[in-house]
Each structure stands twice: as C-alpha cells, then as structure tokens.
Amino acid sequence: MTSFESPAVDWWVLSPQIVLVAMVLGLLLASSLAPRALPAWVSTCTSVATGAAVGVIAVIQWNSAGFTARSTLAGAFVSDGFSLLLTMLIGAGVVMTALVAHSALDRYGMTPPEFAALLLASAAGAVVMVGANDLIVLFLGLESLSIALYVLIALAGRRATARESAMKYFVLGAFSSAFFLYGIALVYGSTGSTRLSHIGEFLESHWLLDEHLLLAGIALLLVGLGFKVAAVPFHFWAPDVYQGAPSPVTGYLASIAKAAGFAALARVLFVAFGPHRVAWAPIVVGLAFATLAVGAVMAITQTDVKRMLAFSSISHAGFVLVGLSAAGGIGWWAVAVGDEAPQVLVSVDHGAVSSAVFYLVSYSFMALGSFAVLSVMASLGVPSPDAVEQHPLSRYGGLARRRPVLALAFAVLLLAQAGVPLTSGFVAKFEVIRAAVGGKGYILAAVAMVTAVVSAFAYLRVVLAMYAPDTDVDEAPVRARASRPRWGGLPMTSVLAIAIAVAVTVLVGVLPQRLLEWSSDAVFALVP
C-alpha cells in the first residue's frame with residue numbers, strides 16, 4: 001500500500017481568502033446568537049475593515065514577494081503580481097460597496113448582516129478566481145462569486161424587479177456554468193490535466209494530430225467566461241440584471257465581478273492556451289468588435305440612466321477585450337505552415353496585457369462611483385422599500401442647482417468614462433488603442449475610437465441635463481433614520497465612497513505613471 005501525501009499548504013498565500021471566510025462565519029454567528037438585531041453600523045464596519053485588511057495583506061505580499069510567484073495546494077492556486085493587484089482592487093471594491101450600501105439597506109429592505117456576509121463571500125470567490133491555476137479551482141471560485149451574487153440581488157425581495165433580475169441571472173448563470181464545466185471536461189480529455197500551467201506546457205511540447213476536442217473545449221470555456229464579463233453575444237442578461245438589482249450591488253457587479261471574470265479569462269488564455277493562440281485569437285477579436293459596437297450603439301438609445309450605464313459597461317468590456325486581443329497577437333494570420341507544427345509568428349505583447357489590467361482597475365472605480373451616485377439619487381426620489389427604482393434622464397435635469405457637489409462628482413465620472421483627457425478613462429482608452437495599433441490591429445483600433453465617440457454622446461447627454469438652465473429635478477421626501485449621518489441631505493457613507501472614486505479617477509488621469517508601472521509589473525508572472 002502506498003501512503004497518501006497531502007499537498008503542502010502555504011497559509012500566508014491563502015490569508016486573504018481565510019480572512020474573508022472567517023469574517024463571513026463570524027458575522028453570521030454573531031447575528032444568530034445576538035439577543036436582538038445587530039445595528040447596521042456593525043455589519044458595515046465589519047465589511048469595511050475586512051476589505052481594508054484584504055487590501056493591506058495583498059500590499060504586504062506584493063512588497064515582500066516582488067515578481068516571484070508563490071503557489072500552494074500543489075500549484076492549484078498562485079499568488080503573483082497579477083492576482084495581488086486584483087486582490088487589492090477587490091478589497092477596495094468591498095469597502096466602497098459597503099459604504100454605499102450602508103444608507104441603502106433600509107430602502108431596499110435588506111438585512112445588514114446577511115448583505116455583509118454575502119458581499120464578503122462573493123469577494124472570497126473573486127479572490128480565488130484571480131489566483132486560480134487550475135480549472136476546477138477556477139470553477140469553484142466562479143460559483144462562489146456567482147451564487148453569492150444571485151442571493152445578494154434577491155435580498156431586495158420586496159421589489160419585483162430585484163426578484164426578476166435574480167432569477168434571470170441565476171438561470172442564465174447556470175447555463176454558462178454548464179458550458180464552462182463541459183469545456184473543462186473536453187480540455188482535460190485533450191491534454192490530460194486541468195492545471196493551467198500543465199496544459200500550457202503540454203500544448204507547447206506536443207502537436208495534436210486531431211485538435212477538434214481541444215478546440216471545442218476552448219470554445220466552451222470562452223462561452224462560460226464570456227457570459228461572466230458580459231461580452232456580446234453573451235450579454236443579454238446584463239442590462240436587465242443591472243437595472244433591476246439594487247444600485248450598490250449593480251456597482252459591484254459592473255466592477256469587481258467583471259474584473260474577476262476578466263482575470264480568469266486572461267489566465268486561461270495566456271497561461272493554458274498561450275501556445276495555441278492561433279485557435280482563440282480570432283474569436284477574441286470578433287468578441288471585441290461585437291462588444292464595442294453593441295455596447296456603444298445601445299447605450300445612446302437608452303432613456304434610463306441606470307440602463308445606459310449597464311450598456312456602457314458592456315462597451316467598456318469591449319475595450320478590455322481589445323487589450324487582450326492585442327496581447328494575443330491580432331496578426332494571428334501570420335502562421336508558418338510546413339512539415340512542423342503550425343506556429344504563431346507573433347509573441348504575446350506584455351504591454352497589451354498591462355493595458356487591459358490598467359483599464360480594469362480604472363473602470364472599476366468609475367463604475368463604483370457612478371452607481372454610488374445612482375444609489376444616492378434613489379434615496380432622494382424612491383422613498384418606499386417596495387417601489388421600483390427608476391432613473392429617467394428627466395430626474396437628473398437641473399441637478400447641478402440642487403446638488404452641485406453631487407452633480408460635479410457625477411460629471412467627472414461620466415466624462416472619465418467618455419475618455420476626456422486628465423481622467424483615468426482617457427489614459428485607459430489610449431493605452432488599449434495603442435496596444436491594438438502596436439499589434440497591427442488597425443481596424444480594431446479604429447472601431448474602438450469610433451465607438452468611444454459614439455458612447456460619449458450618452459454620457460454628455462446626462463451631463464448637459466444636469467447643468468441645463470431650464471429644467472429642475474423632482475426629489476421625493478427623504479426618509480432616512482436619524483441615526484444615519486448625512487452631509488447636505490446626502491448619506492455620508494455614500495458621499496465618502498463617491499469621493500474615493502472621483503479622487504482615484506482624477507489622480508490616475510493626471511498622474512497615471514504609477515498605476516501603469518503596477519499594471520506592467522503585475523503581468524510578469526502571467527506573461528513572461
């Protein structure tokens with residue numbers, strides 16, 4: 001008989017997930033044993049402290065490890081610059097979402113401990129996704145993130161739109177998970193492993209005589225991950241779910257959940273299937289074309305601001321896909337065919353991957369801040385817990401006169417998404433378009449620039465409405481507890497979250513070099 005040797009566990013590498021899961025269990029235990037309902041500030045402080053702790057741990061690991069990747073659980077999970085930078089982003093997203101939700105839980109009829117526990121559980125799944133080096137581990141992180149989000153949306157059960165959004169997200173998410181699992185099975189049948197690094201080594205050293213099974217597996221994996229990042233044509237769930245979900249949850253969906261999905265997509269494409277770029281590069285280019293066009297065109301046709309931001313989120317996903325397609329070699333047609341195995345002549349563009357990472361980080365703060373503004377506007381105009389949350393463009397008319405600071409913050413965030421200079425959005429768009437041009441993807445770069453101009457109309461329309469002189473905004477009486485601290489009639493915690501988003505957006509736009517360096521350093525382990 002042979003003895004079983006368990007894999008070594010590096011607890012320091014797993015510490016962000018351990019902190020998140022421990023706080024989830026502790027919060028649920030405390031809320032269940034407490035003689036009365038815990039105050040909302042306890043759950044909010046717990047979420048903020050946990051998100052900050054995760055970010056601090058990631059920073060310490062970043063400074064101590066440098067470019068060295070540390071693996072644990074027999075290589076199934078890795079801690080490298082790529083995962084650590086996105087773990088910092090996840091921690092920041094948890095902090096900002098908790099701050100925005102603090103003043104909105106009563107309005108949506110959500111229980112604070114349950115909301116905080118689900119938020120931290122979804123963040124734990126996101127952290128697993130960004131560092132997964134095995135398809136099975138990646139699937140576990142994906143499901144942990146998704147299931148928590150299904151319930152998080154459904155917590156606002158008094159609203160019919162929230163129930164409908166949760167059901168749509170759940171049903172379509174189950175289909176995408178099935179595609180992803182079937183893709184894992186086909187890839188395992190082709191390569192004999194689910195470990196991403198082992199798959200890459202196998203494809204680099206072996207030439208498959210029949211690649212149909214492998215190609216089908218890659219296609220199914222792209223379908224599953226394409227749904228999570230709302231890439232066209234897998235985007236149909238996003239507008240309805242984003243509009244029906246509570247605004248704090250929508251911001252989390254559009255930023256952190258999307259960032260985790262793109263992190264998983266990047267690892268799968270470059271670590272596992274990097275040697276086989278000739279198979280997936282044209283598909284990613286096609287997804288980028290369709291996502292850019294559909295997101296921009298549909299955004300300008302919307303009359304509801306929240307739905308417009310949902311379609312613009314799809315357009316921003318297209319810009320990230322531009323960076324990934326440029327990294328994979330847009331000149332994928334340059335193939336040497338002879339007696340040897342086909343080989344792509346272009347190598348992975350390290351700068352293109354870093355531009356995609358930069359775009360992800362920049363857009364996440366813009367999305368979190370924008371939906372935080374929508375949450376504040378909902379508190380001014382939807383006082384009933386079971387009322388439908390609506391954001392018609394007319395409600396933002398003349399906002400600059402009633403709420404000048406709020407209007408200014410929203411204008412900055414919208415202009416950043418439009419790509420106005422001196423904002424992080426301009427630098428992010430410039431970097432991915434430059435990467436596309438560097439990869440000789442001139443047509444894709446031109447389409448990206450045209451769609452950026454088209455989508456700018458949607459953002460500028462809202463800005464003009466806020467500063468129009470002949471309109472006024474209709475605000476219903478604010479119904480908030482006296483214990484909720486407010487600033488100028490606005491919830492203080494939401495104002496703090498908006499201030500963080502605006503500060504990061506402006507600071508990165510004026511001084512982008514530090515984040516560009518971090519993004520470049522982060523992808524060394526992903527793309528040597």
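Modeller: Start with L73, which counts as partly exposed because its relative accessibility is 34%; buried means under 20% relative accessible area, exposed over 50%, and partly exposed in between, with a 1.4 Å probe and protein chains only. This is a predicted model, where local features need pLDDT of at least 70 and side-chain atom pairs count only at pLDDT 80 or more, while totals for chains, interfaces and linings use all residues. Residues are numbered from 1 along each chain as its sequence is written, and side-chain values use heavy atoms, with hydrogens and water left out.

Biologist: Where does L73 lie?

Modeller: L73 lies in the loop between β1 (70–72) and β2 (77–79). Helices (H or I, at least four residues) and strands (E, at least two) are DSSP runs, numbered from the N terminus. The phi of L73 is near 55°, a positive value in a residue other than glycine.

Biologist: And L422, buried or exposed?

Modeller: L422 is exposed, with a relative accessible area of 60%. Its loop runs between α16 (404–418) and α17 (424–438). L422 has a positive phi, near 70°, and is a residue other than glycine.

Biologist: Let me zoom out. How many helices and strands does the protein chain have?

Modeller: The protein chain has 20 helices and six strands. Of its 528 residues, 59% are buried. Take contacts, meaning heavy atoms within 4.5 Å: among those between residues at least 6 apart in sequence, 82% join residues at least 24 apart.

Biologist: Give me an example from a helix. Where is the place of S176?

Modeller: S176 is in helix α7 (residues 160–191). S176 is buried, with a relative accessible area of 5%. Not counting residues up to four places away in sequence, S176 touches G224, F227 and K228. The C-alpha atoms of S176 and L225 are separated by 7.7 Å, and these residues are 49 apart along the chain.

Biologist: What lies 2.8 Å from a polar atom of the S176 side chain?

Modeller: That is the backbone oxygen of G173.

Biologist: Next, helix packing. At roughly what angle do the axes of α10 and α13 cross?

Modeller: Helix α10 (residues 237–244) and helix α13 (residues 305–327) have axes that cross at roughly 140° and come within 9 Å. Axes are lines fitted to C-alpha atoms, for helices over the stretch in contact, and angles run from 0 to 180 degrees between N-to-C directions. The two helices are therefore oblique to each other; under 35 degrees counts as roughly parallel, over 145 as roughly antiparallel, 65 to 115 as roughly perpendicular and the rest as oblique.

Biologist: Which residues make that contact?

Modeller: From α10, A238, P239, D240, Y242 and Q243; from α13, K306, R307, A310, F311, S313 and I314.

Methods:
A polar contact is a pair of N or O atoms within 3.5 Å; within protein, one must be able to donate a hydrogen and the other to accept it, and residues adjacent in sequence count only if both atoms are side-chain atoms.
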